Structures are given as C-alpha cells and as structure tokens.
Amino acid sequence: FLAALKLHTQCETHLAEFSQAACAIAAQRVDKVWPGDFMSAAMDVKFDCVTFLDVLDPTEWPERWLERAAELLTPGGCVVASIPNVGHWSVVADLLEGRWDYAPAGIHCITHIRFFTLPGIERLMTMAGLHVDKIEAVRAPAPSWFDVSNMQGNIHIDRDSLSCVAYLVRASRAA
C-alpha cells in the first residue's frame, strides 16, 4: 500500500513494523521504517495521515493504537482504517450452522482477537478521542440462498450490515 501511495503521490511514507524481514523489504519502498512496536517507537515527527489497514482486529488494545495515532497527527490530520465486519452474512451463516471456523485470512482470520460491527467501530473511535468523519461500507452481498426475509420473531435484522464485509473509516481528533 505505501509503495503504491508513494508511486502515485508526492507524499512521504513511513511504516511501523514488528517483522525484521518486512522492515528490510519495506526499506526499499518507503521513506522511513520504524522497526518494532508502534506503541513504543520514538517517532519524532507528526503525520497528516496514519493508516490501519486490517490491523486493529489482531490488536489486543486497538483503542490505545488509535490514541497513539491521534497523538502523532498534525492539526487537521486523520486516521484511515479498514476494519472487517463480523456482522457480514458469511459469518452469520456459519454461526447459524453452529460453526466458527478460523481461516488463514479474512474475517475469520486466526490472528483476530477483536471483532467489530459498525456500532463497535464508532464506539472504538470515540473511546480513542477521534471523531468519525466518514464511514464507507465495502460490499460483498449475500448469495440468493442466504434469504432472511422469512425469519420471524422479535429479532431486528440489519440487512445493511449483512452485505458489508468491511468498513473504511476516516476519523480526526475530536474537538
């Protein structure tokens, strides 16, 4: 992502990364690599934008990561995040069948320790002292066999959430 961003814009790119191997590769593609823990790296610069692309869900304390990002923002800067939606039809279908099968990637990724729906994402941003400027849904609609139209009872079905595989969030420091 950062290499593509650098290629197509005039921005300076930085990467905070645990993996030494990934740091070595990234050093060839980005302007600055901060090896180690994002939470403790001695970053002596401010950023116009900090991105979290599918990395908040495998994080034990995502609100702390977002708080740290907010501290590193320039005035008017923003956080951009991509966060999988655990309310997607594929997860709901598995749960209705009595399964929760982890996978190497995706919403069921074995690395995920946090799971989010839209209200949870909004709460997370607020807890971190951020104001949500925009949220956009990434759609992956349910197939025709996944039909909830004849479900009865007192359950409220959020059809919008069922078709959303992830949310793209832009947030800035709250006033």
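Guide: Start with a definition: on a 1 Å grid over the protein atoms alone, a cavity is a set of points where a 1.4 Å probe fits but cannot get out. Its volume is the space filled by probe spheres set on the points, which are joined across faces, edges and corners. This is a predicted model, where local features need pLDDT of at least 70 and side-chain atom pairs count only at pLDDT 80 or more, while totals for chains, interfaces and linings use all residues. Residues are numbered from 1 along each chain as its sequence is written, and side-chain values use heavy atoms, with hydrogens and water left out.

Visitor: How much space lies in the largest cavity?

Guide: About 30 Å³.

Visitor: Which residues line that cavity?

Guide: Asp-57, Pro-84, Val-86, Ile-107, His-112, Arg-114, Phe-115 and Phe-116 (each has an atom within 4 Å of a point) form the lining.

Visitor: New topic. Which residues of helix α5 are buried?

Guide: In α5, a DSSP run of H or I with at least four residues, Gly-120, Ile-121, Leu-124 and Met-125 are buried, meaning under 20% relative accessible area. Seen down the axis of α5, they fall within an arc of 135° (taken from the directions from the axis to the C-beta atoms), so they line one face.

Visitor: What do they pack against?

Guide: The buried residues of α5 pack against α3, β4, β5 and β6, with contact meaning heavy atoms within 4.5 Å.

Visitor: And how many bridges pair β5 with β6?

Guide: There are 9, and the two strands (E runs of at least two residues) are antiparallel. Strands pair if DSSP finds at least two bridges between them.

Technical notes:
On a 1 Å grid over the protein atoms alone, a cavity is a set of points where a 1.4 Å probe fits but cannot get out, and a pocket is an open set with protein on both sides within 12 Å along at least five of seven lines; lining residues have an atom within 4 Å of a point. Buried means under 20% relative accessible area, exposed over 50%, partly exposed in between (1.4 Å probe, protein chains only).
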